[in-house]
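Subject: Structure handover and notes

Hi,

Here is the structure for you to look over. My notes follow below it.

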Amino acid sequence: MTQRVDLATVMDRLAIDEVVTGYAVAVDDGDWGAYRALFTPEGRADYRASGGIEGPAAEVADWLAQTMQLFPVRQHLIVNRRLRLQDLGGYPGDGAEVQADYINPMRLESGEDFVSGGRYTFGLLRTDSVWRLSSVVIQEKWRRAGGALGDG
């Protein structure tokens with residue numbers, strides 16, 4: 001690879017990381033306009049493994065807006081990100097996949113804590129020189145409800 005290709009790859013990795021972080025922030029802040037803007041027009045999200053729905057990102061955003069009202073406090077921590085960029089014979093393509101683990105502590109309106117963890121798979125496409133989500137699939141591995149983690 002040339003230095004130009006190496007630099008482009010680093011820039012792609014940083015831009016993709018920004019999309020994944022933007023996803024967590026949008027959900028945690030309840031910014032459903034920002035959530036929708038992260039996706040391609042055909043983008044889809046699948047939350048069935050955690051008891052949710054699957055469908056076009058705009059419809060899922062509406063469902064999330066309603067469902068997340070039950071959790072006035074929430075914080076996604078997305079870690080252990082493994083990124084695979086499309087490889088076009090030594091040059092990066094316009095597709096990528098990120099698998100990342102998450103832990104998601106939330107607090108119900110009742111004051112009880114709810115914590116879950118699992119893995120996301122993010123599909124991304126470069127459109128108009130901008131990386132966007134083409135898919136989000138959640139695979140919840142565990143959850144714990146009840147009690148309080150501490151006063152916050």
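In which strand is Thr 40 found? Thr 40 sits in strand S1. Strands here are DSSP runs of E with at least two residues, helices are runs of H or I with at least four residues, and both are numbered from the N terminus.

Two points on the source. This is a predicted model, so to speak of a local feature I needed pLDDT of at least 70, side-chain atom pairs count only at pLDDT 80 or more, and totals for chains, interfaces and linings use all residues. Residues are numbered from 1 along each chain as its sequence is written, and side-chain values use heavy atoms, with hydrogens and water left out.

**Overall**

The chain has 3 helices and 7 strands. From the N terminus on, the order is α-α-β-β-α-β-β-β-β-β. The radius of gyration is 17 Å, close to the 15 Å of the globule rule for 152 residues, so the chain is as compact as a globular protein of that length. That radius is taken over C-alpha atoms, and the rule is 2.2 Å times the number of residues to the power 0.38. The C-alpha trace spans about 55 × 30 × 25 Å along its principal axes.

Of the 152 residues, 38% are buried. Buried means under 20% relative accessible area, exposed means over 50%, and partly exposed lies in between (1.4 Å probe, protein chains only). The chain exposes about 8500 Å², with 52% of it supplied by carbon and sulfur atoms. These areas come from the Shrake-Rupley method with a 1.4 Å probe; for residues, only the protein chains shown count as cover.

**The core**

Which residues touch the most other members of the largest nonpolar core? Tyr 23, Tyr 35, Ile 78, Phe 122, Leu 124 and Leu 133 do, in a core of 35 residues. Helices H1 (3-29), H2 (32-37) and H3 (57-67) each supply at least two residues, as do strands S1 (39-46), S4 (77-87), S5 (92-107), S6 (113-127) and S7 (130-145). H1 gives the most, with 7 residues. A nonpolar core is a set of buried Ala, Val, Leu, Ile, Met, Phe, Trp, Tyr and Cys residues joined through side-chain atoms within 4.5 Å.

The contact lists below leave aside neighbours within four places in sequence.

- Tyr 23 is in contact with Tyr 35, Leu 38, Tyr 47, Ile 78, Tyr 120, Phe 122, Leu 133 and Val 136.
- Ile 78 lies in strand S4 and is buried at 9% relative accessible area. Its contacts include Val 20, Tyr 23, Ala 24, Tyr 102 and Phe 122. Its C-alpha atom is 11 Å from that of Val 98, 20 residues apart along the chain.

Thr 40 is buried, with a relative accessible area of 7%. Thr 40 is in contact with Leu 125, Thr 127, Arg 132, Leu 133 and Ser 134.

Ala 45 is also placed in strand S1. Ala 45 is buried at 1% relative accessibility. Ala 45 touches residues including Tyr 35, Phe 39, Ile 53, Val 60 and Val 136.

Ala 57 lies in helix H3. Ala 57 is buried, at 5%. Its contacts are Tyr 35, Phe 39, Gly 43 and Arg 44.

**Positive phi**

Where is Asp 128 placed, and is Asp 128 buried or exposed? Asp 128 is in the loop between S6 and S7. At 76% relative accessibility, Asp 128 counts as exposed. Its phi is near 50 degrees, a positive value in a residue other than glycine.

Asn 80 also has a positive phi, of about 50 degrees, and is not a glycine. Asn 80 is found in strand S4 and is partly exposed, at 49% relative accessible area.

Best wishes

Note on methods
Contact = heavy atoms within 4.5 Å.
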